[in-house]
Amino acid sequence: MTPRERVEEHLCEQVAMSRRSKITPEREQEFYEAVLDQLRECGYEAVTMEGVAARTRCSKSTLYRQWKTKPQFVAAALRANRCVRFAGIDTGSLAGDLRAAARAAATWADRDTMIVQALSHAVLQDEDLRHALREALVEPEVEAVDGFVRRAVERGEIAAGHPAAEFVTVQLFGVLRARPLVDGADADEDYLGRFVEAVLLPVLGLSEGPGRPAAGETPAT
């Protein structure tokens, strides 16, 4: 299924839902927040319509009328909470953008990482759920970081086709997702800031890093 076909299918589902629904947007958002909270707290396997109904004080039949299955419900919640976390970041330099992104990411990384980890197995089984996860938590930030790099090329900060440029997004998101598994701790502002200064900026040629001569120094021979 192409991206356009997925969007059209999703719109059709929303139209059909609106025709049979009397739930207000505010109430619908309560349901979405409840299912995402369950995901973070208990994992995907433990999420149930019964649990969401109890948390939001509604009947199971209300939920089943809206969303036929748990994957549909979770996918809808993800899409409804799509948010561009790096929106508005444009400091005028790639180094400034990456530092600002690190500070922003530290404020939400733990909550998003819990969702990604909770869905890590389920998305392998359900294509719509996989696309919803990417649309909600991956694609908006990938587009934003790619925008940082594109603007840097336009300003002449880095060369077009810089060999490290294509790995910036993967490195930034990789450390966000990997640190909880490797170190048992979230990637907080201090950690992400040090990562940007020690890894991302040096590899892009934007700062002095280990093994790089300081400005005015002659490289060791």
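Me: What pattern does the protein chain follow when read along the sequence?
Reply: This is a predicted model, in which local features need pLDDT of at least 70 and side-chain atom pairs count only at pLDDT 80 or more, while totals for chains, interfaces and linings use all residues. Residues are numbered from 1 along each chain as its sequence is written, and side-chain values use heavy atoms, with hydrogens and water left out. Helices (DSSP runs of H or I, at least four residues) and strands (runs of E, at least two) are numbered from the N terminus. The protein chain has 10 helices and zero strands, and its pattern is α-α-α-α-α-α-α-α-α-α.

Me: What percentage of the residues in the protein chain is buried?
Reply: Buried means under 20% relative accessible area, exposed means over 50%, and partly exposed lies in between (1.4 Å probe, protein chains only). Of the 221 residues in the protein chain, the buried share is 41%.

Me: Which residues of the largest nonpolar core touch the most other members?
Reply: A nonpolar core is a set of buried Ala, Val, Leu, Ile, Met, Phe, Trp, Tyr and Cys residues joined through side-chain atoms within 4.5 Å. In soluble globular proteins, nonpolar side chains tend to be buried together. The largest core here has 32 residues, and the members that touch the most others are Phe86, Leu98, Phe148 and Leu176.

Me: Which helix gives the most to this core?
Reply: Helix H6 (94-119), helix H8 (127-155), H9 and helix H10 (189-203) each supply at least two residues of the core. The one that gives the most, with 10 residues, is H6.

Me: Which residues does phenylalanine 148 touch, not counting residues up to four places away in sequence?
Reply: Contact means heavy atoms within 4.5 Å. With residues up to four places away in sequence left out, phenylalanine 148 touches Phe86, Ile89, Leu94, Asp97, Leu98 and Ala101.

Me: Why is H9 described as roughly antiparallel to H10?
Reply: Two packed helices are described by the angle between their axes and the distance between the axes. Axes are lines fitted to C-alpha atoms, for helices over the stretch in contact, and angles run from 0 to 180 degrees between N-to-C directions. Angles under 35 degrees count as roughly parallel, over 145 as roughly antiparallel, 65 to 115 as roughly perpendicular and the rest as oblique. The axes of H9 and H10 are 11 Å apart, and their angle is about 150 degrees, which makes the pair roughly antiparallel.

Me: Is threonine 169 buried or exposed?
Reply: Threonine 169 lies in helix H9 (residues 168-182). Leaving aside neighbours within four places in sequence, threonine 169 is in contact with Val142, Val145 and Asp146. Because its relative accessibility is 9%, threonine 169 counts as buried.

Me: Which helices do the buried residues of H3 pack against?
Reply: The buried residues of helix H3 (residues 49-56) are Met49, Gly51, Val52, Ala53 and Thr56. They pack against helix H2 (25-42), helix H4 (60-66) and helix H5 (70-80).

Me: How far apart are the C-alpha atoms of proline 71 and valine 123?
Reply: Proline 71 lies in helix H5 and, at 22% relative accessibility, counts as partly exposed. Proline 71 touches Tyr44, Asp126 and Leu129, not counting residues up to four places away in sequence. Proline 71 and valine 123 are 52 residues apart along the chain, and their C-alpha atoms are separated by 9.3 Å.
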